Amino acid sequence: MHDSGTTDRHVNGVVSSEKVAILDAGAQYGKLIDRRVRELCVETEILPLDTPAFNLKEKGYKAIIISGGPNSVYACDAPRYDGDIFRSGIPVLGICYGMQMINKEFGGSIHRKDVREDGQFVISIDNKATVFKGLDKDQKVLLTHGDSIEKVADGFKVIATTGNITAAIANDKFGIYGVQFHPEVDLTENGTAMIRNFLFGVAGVSGTFTMQNREHQCVQYIRETVGDNKVLMMLSGGVDSTVCAALLHKALKQDQVIALHIDNGFMRKNESEQVAASLQKIGLKPKVLTAKHTFYTASTSISLDQTDPNSRVWFTKMLSSAIDPEEKRRIIGDTFVKIAGEVISELNLNPEEVFLGQGTLRPDLIESASSFASSKADAIKTHHNDTELVRKLRSQGRVVEPLCEFHKDEVRSLGRDLGLPLELVQRHPFPGPGLAIRILCAEEPFMEKDFSETSVLVKVITEYSSAILKNHALLNRIENATTEEEREILSQISSKQHLVSTLLPIKTVGVQGDSRTYSYVVGVSCDDEPDWDDLATLAKIIPRICHNINRVVYIFGDQVTQPVLDITPTFLTQGVLSILRQADHVATQVLLSTSYYNTISQMPIILIPIHFNRDVAARQSSCQRSIVIRTIITSDFMTGIPAIPNKHLPIELVKRMVSEISAVPNISRVLYDLTPKPPGTTEWE
């Protein structure tokens, strides 16, 4: 059987005498830590969290970095670790969960507070501390946690705070530091400087590690893996699969690569024709296969326990009837693999002599909780290139994925090095499942027992100034989860204009504290032109107070006067798809007609089963749906911020999109997603 060498193929550098051990506690951003350290010319190795201290000492690691993770340090299933790593004399930097491990290990305590922080916040640092040397006192960082330090460990001092929460601790004597935030991501603006201070100022590394040419490494990996066999390369037309195909063509003979584009019925308007044309321009001639009916009627089986090869399985509904986003993703991913197998048979090829080629990236594997990325990460969403069938092929050594150690910006850089046209390299990502995961399917409203109280609590937040005068009973919930400064901001926002909050009876996928959430969306509306900076602030504060909300949107049009307690039954039907396809098309065309296309990294257009302002008393049925514009600005696609109107995009451009979308028949309202990542993911499903 083929050996794809997945775990050791990308060394990314020359041998160095200095190494840093990254102990994986299941973070979504673990690979980013590895990347940031290597960019500082220091070699790294990602190891299991329970790696013995003796091994680390014996192999001469210069420093240890402990990643974040989804667990609580007090949970019965908390990951195990060797406490002697903190007494080995090796400098340690604990990130998020890693900091909480350190604090607990040295006698401190951790507590789950009412406040949780998921997003970019300003912390106050002690810039005399070694890890913060040379930085300003106020720093913007990414925080993603629900647990916080209650009692600081003996021998440690607090070196950063956010409100009344400890954001960093230090023990200079032992060379042990902990940060509650994530210095490895772009949303921590001076994170690289902090990591540099730890590595060079505390651990004393010299930074002699140099990166090799990654294009050469990819080509070498492909040749060694594939040999004289063939590769069936699945091409979506996106930058990932296009760069992967270009690498395959550079590494292999022309007759070894079979390029295949499958129209699954969930493509954008005229997408397949445009993909085929653009790929042919760069010398790739994909076979285009139309398989719409196959996908609409597809189903799959899913193991109840994916860690057990003998586990019982359950069978999904047909895709056209599926509601759960994970179910939709797995059906689509497995159907791609099944069709690939059929193509191999039609070509009279031996399946044992054909690899499946995929443009899989590191974030895909992390968010899918693939064991190839992390043994402890929580699954946020299953990517179509990491379903159960794909994992089975991967375990058999039948998948070639030269980009699986890369992030999106690195792939784009590689694409430029390969000479690919700029319009292909800079193309906005479009998910393999396509529009299928941009339609929130539902047959009944999502209203759990907390719906009514959450509706009231959000109303208190958006009308905070008047709630104070009335001494509302839920004010204590806000006080427990916010700082005095934040409450003053809420008072100013609510005094400026009358904002109406509407809790929507739908749920979307998010990521909070390195874990997957599936929670409510809250909409905000007003009669006048809103202050977009105020709305962006609310989008950060509301999920901190209401942990069962992971997304905040603005609803264009007049104030929403009626509560939304019902949904329009929605499935992946031709009629629903045509509405979203047209809305997506007109919005994208508006953006392409301006110079702002490259200002944002991605712009999913989402269809939700919500009909606003129905006359409930007259029993008007819910029959329309609404459209959400979701913009995201990011480089690593692991974290990001929304494009704020009047700041990142002209409001006239946004209003033009809204106008064009509103002209599509059967659309109730247009909404604008203001949620950063985290707590909201880029896609809604």
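Here are legends for a few views of this predicted model, starting with the whole protein and then moving in on single spots.

View 1. Laid along the principal axes, the C-alpha atoms fill a box of roughly 75 × 65 × 50 Å. Take the contacts between residues at least 6 apart in sequence: 77% of them join residues at least 24 apart.

View 2. Of the 685 residues, 62% count as buried. The protein exposes about 26,400 Å², and carbon and sulfur atoms supply 47% of that area. As for charge, there are 73 positive and 84 negative ones, and their mean positions sit 2 Å apart.

View 3. You'll find S272 in helix α7, which covers residues 271–281. Is S272 buried or exposed? With a relative accessible area of 7%, S272 is buried, because that value falls under the 20% cut-off. Leaving aside residues up to four places away in sequence, S272 touches H261, D263 and M267. With D263 there is also a polar contact between the side chains, at 3.5 Å.

**View 4. Two cis peptide bonds at P678 and P679.** The bond from K677 to P678 is cis, with omega near -5°. Then comes the bond joining P678 and P679, which is cis too, with omega of about 10°. Where does P678 lie? P678 is in the segment after β22 (667–673), and P679 is found in the segment after β22 as well.

View 5. Most residues other than glycine have a negative phi. Look for C41 in the loop between α1 (30–39) and β2 (43–48). C41 is partly exposed, because its relative accessible area of 32% lies between the 20% and 50% cut-offs.

**View 6. N348, another loop residue with positive phi.** N348 is not a glycine, yet its phi is positive, at about 55°. The loop that holds N348 runs between α9 (325–346) and β15 (354–357). How exposed is N348? Its relative accessibility is 71%, so N348 counts as exposed, the cut-off for that being over 50%.

Conventions: Residues are numbered from 1 along each chain as its sequence is written. This is a predicted model: local features need pLDDT of at least 70, side-chain atom pairs count only at pLDDT 80 or more; totals for chains, interfaces and linings use all residues. Side-chain values use heavy atoms; hydrogens and water are left out. Buried means under 20% relative accessible area, exposed over 50%, partly exposed in between (1.4 Å probe, protein chains only). Contact means heavy atoms within 4.5 Å. Accessible areas come from the Shrake-Rupley method with a 1.4 Å probe; for residues, only the protein chains shown count as cover. Lys and Arg count as positive and Asp and Glu as negative; His and the chain ends are not counted. The place of a charge is taken as NZ of Lys, CZ of Arg, CG of Asp or CD of Glu. Helices (H or I, at least four residues) and strands (E, at least two) are DSSP runs, numbered from the N terminus. A polar contact is a pair of N or O atoms within 3.5 Å; within protein, one must be able to donate a hydrogen and the other to accept it, and residues adjacent in sequence count only if both atoms are side-chain atoms.
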